[in-house]
Amino acid sequence: MACLHDHSCEDHNCAADWSLYNHIDVPKVVALNESVPGSVKSVFKPWEQRLDTSGGFLESNEGDPELLIFIPFTSDVKIKSISVVGGADGTSPSRMRAFINREGIDFSDAQNMQPVQEWELAENLQGALEYQTRYSRFQGVANLTLHFSDNFGGDTTKIYYIGLRGEATQNKRDVVATIVYEVMPNPSDHKTKSETGGGFSHVE
């Protein structure tokens, strides 16, 4: 694994330490073209559970391999790498495109917009690969949208795990929203007066 800091990782679980799992607002994660509504939430879990399939998986609709996943965070983050564990028999995604801080993207948008970065993926059934980002472009990320446009020939695309590594800032999204609400008057309260080609590395 390409470590992100300057100490020996032999006795240290760096992949878990740099995981952004606890900063993902999982209840608000959504996917387009998922065969089972809400199943996308099952692919976000702690790094050490990346090969545990008992909690379910994400699968596209039959005959359509595309998936589009919107991932909001509870605080702004810096993303260093992305790991994807897909399915067997050609169902793993083969391409991934990333957009940052763009809400409400649909498939038409994703196909026509320029991504912040895109990757050709390998089949990563054991969770041994991670894809490095162009780190300078993945700063101050409030939300991430991942577009998986194709797979390795399967009738559907299956994803069992998505892992993000990096750092979180102190800019909490809910705190900011509260401050803005309290500082800015709400018109409804005054009606009586007026009316976003890296390579990959092995994770050990």
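E118 and R97 form a salt bridge (a side-chain nitrogen of Lys or Arg within 4 Å of a carboxyl oxygen of Asp or Glu), their closest N and O atoms being 3.8 Å apart. The pair links distant parts of the chain, with E118 in strand β5 and R97 in strand β4, 21 residues apart. Helices (H or I, at least four residues) and strands (E, at least two) are DSSP runs, numbered from the N terminus. E118 is partly exposed at a relative accessible area of 33%, whereas R97 is buried at 10%; buried means under 20% relative accessible area, exposed over 50%, and partly exposed in between (1.4 Å probe, protein chains only).

The coordinates belong to a predicted model, in which local features need pLDDT of at least 70 and side-chain atom pairs count only at pLDDT 80 or more, while totals for chains, interfaces and linings use all residues. Residues are numbered from 1 along each chain as its sequence is written, and side-chain values use heavy atoms, with hydrogens and water left out.

## Salt bridges

The count of salt bridges in the model is six. Side chains of opposite charge can pair when their charged atoms come close. The closest N and O atoms of E120 and R95 are 2.3 Å apart. E120 is exposed, with a relative accessible area of 55%, and R95 is partly exposed at 26%. R95, R97, E118 and E120 are linked in a network of salt bridges.

Another bridge involves K80 and E167. K80 belongs to strand β3 (residues 67-86) and E167 to strand β8, so the pair ties together parts that are 87 residues apart in sequence. K80 counts as buried at 13% relative accessibility, while E167 is partly exposed at 32%.

| E118 | R97 | 3.8 Å |

## Aromatic rings and charges over them

K80 also lies over the face of Y135, at 3.9 Å from the ring centre. R50 is placed over the face of W47, at 3.9 Å from the ring centre. A charge sits over a ring if NZ of Lys or CZ of Arg is within 6 Å of the ring centre and within 35 degrees of the ring normal.

A search of the whole structure finds one aromatic pair. The ring centres of F57 and Y160 are 5.0 Å apart and the planes stand at 40°, so the pair is tilted. Rings of Phe, Tyr and Trp (its six-membered ring) pair if their centres lie within 6.5 Å; planes under 30 degrees apart count as stacked, over 60 as edge-to-face and the rest as tilted. F57 is partly exposed, with a relative accessible area of 29%, whereas Y160 is buried at 17%.

## Loop residues

The loop between β1 and β2 also holds N33 and G55. N33 has a phi near 75°, a positive value in a residue other than glycine, and is buried, with a relative accessible area of 17%. G55 counts as exposed at 58% relative accessibility. G55 and K45 are 10 residues apart in sequence and 9.5 Å apart in space, C-alpha to C-alpha.

A positive phi of about 55° occurs at N101, although N101 is not a glycine. N101 is in the loop between β4 and α2 (107-112) and is partly exposed at a relative accessible area of 36%. Most residues other than glycine have a negative phi.

## The chain as a whole

The secondary structure comes to three helices and nine strands, which follow the pattern α-β-β-β-β-α-β-β-β-β-α-β along the sequence. Of the 204 residues of the chain, 46% count as buried.

The average pLDDT (the predictor's confidence in each residue, from 0 to 100) is 84, and 75% of the residues score at least 70. Over residues 1-14 the pLDDT is below 50, and beyond near neighbours in sequence this stretch has 25 contacts (heavy atoms within 4.5 Å) in the model. Residues 175-196 also have a pLDDT below 50, with 15 contacts beyond near neighbours in sequence. Where pLDDT is low, the predicted coordinates should not be read in detail.
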